[in-house]
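Here are my notes on this one, as numbered points. Have the viewer open while you go through them.

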Amino acid sequence: MPKVVDPDARRREVVAALYRVVVRDGLQRTSLRAVADEAALNIGSVRHYFAGQQELMDFAMQSMLGALSERLLQHVERIGDLNRYPRAERLRLVTDLLAELLPLDERRRAEVTVFLDFNAAARTHPAFQDLAHEAAAGTRKLTHRVLARLDESGTLRPGCDVDLETERLASLLDGLSLSAVHHPGILGAQRCRQVLAAHLEDLCRTG
């Protein structure tokens with residue numbers, strides 16, 4: 001009997017192969033052929049699930065954003081009401097949450113690397129622009145929500161402009177991600193997290 005293939009599992013295999021190729025070779029050198037070879041499939045098998053490279057790229061980015069959103073949502077739900085924690089614990093929990101967006105381990109480094117290549121391509125590829133915009137808007141929505149909750153719990157420094165600080169924090173996360181991926185020997189995972197924690201501490205400093 002022919003082997004029964006789970007379509008969703010096969011798509012995940014292909015997407016995982018795509019990530020590996022992009023991390024290793026860059027988005028510009030990523031083709032259906034390269035992804036098929038990485039996944040140990042013939043190109044016809046890949047085309048069975050994805051009509052072309054554009055469809056594969058879109059699916060991969062949507063999958064990555066979906067998985068990240070789910071992780072963040074679970075993290076937010078685990079934290080619950082910040083008021084039940086002492087101040088230092090509030091800051092640690094928020095740092096842990098936002099650190100999901102930074103390349104601090106192999107999984108997150110791959111995600112951020114793929115996203116940075118994809119985001120750069122979106123500047124000249126209109127087909128990618130909607131997803132790139134969605135990701136940027138999602139980061140700002142998350143940072144605004146985090147800062148608003150810190151403000152509501154009385155942790156944020158009095159008089160902080162939450163909208164302005166949202167953009168500052170989102171820009172810091174973007175900059176840390178870019179530097180940590182391109183210059184890991186200069187900005188390692190531990191220092192990356194320390195910079196984020198120090199920024200949050202400054203936002204909550206009272207004197």
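1. A definition before anything else: the expected span of a helix is 1.5 Å times one less than its number of residues. Helices (H or I, at least four residues) and strands (E, at least two) are DSSP runs, numbered from the N terminus. With that in hand, look at helix H4 (residues 53-79): its 27 residues reach 39 Å from first C-alpha to last, close to the 39 Å expected at 1.5 Å a residue. H6 agrees with its expectation too, because its 17 residues should span 24 Å and its end C-alpha atoms are 24 Å apart.

2. Some housekeeping. This is a predicted model, in which local features need pLDDT of at least 70 and side-chain atom pairs count only at pLDDT 80 or more, while totals for chains, interfaces and linings use all residues. Residues are numbered from 1 along each chain as its sequence is written, and side-chain values use heavy atoms, with hydrogens and water left out.

3. The overall picture. The protein has nine helices and zero strands, and its C-alpha trace spans about 70 × 35 × 30 Å along the principal axes. Of its 207 residues, 43% count as buried (buried is under 20% relative accessible area, exposed over 50%, partly exposed in between, with a 1.4 Å probe and protein chains only). Take contact as heavy atoms within 4.5 Å; then, among contacts between residues at least 6 apart in sequence, 65% join residues at least 24 apart.

4. Back to H4, and what it hides. Its buried residues are Leu56, Met57, Ala60, Met61, Met64, Leu65, Leu68, Arg71, Leu72, His75, Val76 and Ile79. The cover over them includes helix H1 (7-25), helix H2 (32-38), H5, helix H6 (106-122) and H7.

5. How does H4 sit against H5? The two axes come within 10 Å and cross at roughly 170° (axes are lines fitted to C-alpha atoms, for helices over the stretch in contact, and angles run from 0 to 180 degrees between N-to-C directions). That makes the pair roughly antiparallel; the cut-offs are under 35 degrees for roughly parallel, over 145 for roughly antiparallel, 65 to 115 for roughly perpendicular, and oblique for the rest. Leu72, His75, Val76 and Ile79 of H4 meet Leu93, Asp96 and Leu97 of H5. By type, the residues of this contact are five nonpolar, one polar and one charged (Ala, Val, Leu, Ile, Met, Phe, Trp, Tyr, Cys and Pro count as nonpolar, Asp, Glu, Lys and Arg as charged, and the others, Gly among them, as polar).

6. H5 has another partner. The axes of H5 (residues 87-98) and H7 (residues 126-152) come within 11 Å and cross at roughly 175°, so H5 is roughly antiparallel to H7. Val94, Leu97 and Leu98 of H5 touch Leu142, Thr143, Val146 and Leu150 of H7. This contact has six nonpolar residues, one polar and no charged.

7. Now the cores, where a nonpolar core is a set of buried Ala, Val, Leu, Ile, Met, Phe, Trp, Tyr and Cys residues joined through side-chain atoms within 4.5 Å. The largest has 32 residues, and those with the most contacts inside it are Leu98, Leu150, Leu156, Leu196 and Leu200. H4, H5, H7, H8 and helix H9 (189-203) each supply at least two of its residues. A second, separate core of 30 residues includes Phe50, Phe128, Ala132 and Ala135.

8. Glu165 lies in helix H8 (residues 162-182) and counts as buried at 9% relative accessibility. With neighbours within four places left aside, Glu165 is in contact with Leu147, Cys160 and Leu203.

9. Last, a backbone item. Most residues other than glycine have a negative phi. Ala40, however, has a positive phi near 60°. Ala40 lies in the loop between H2 and helix H3 (43-49) and is exposed, at 69% relative accessible area.
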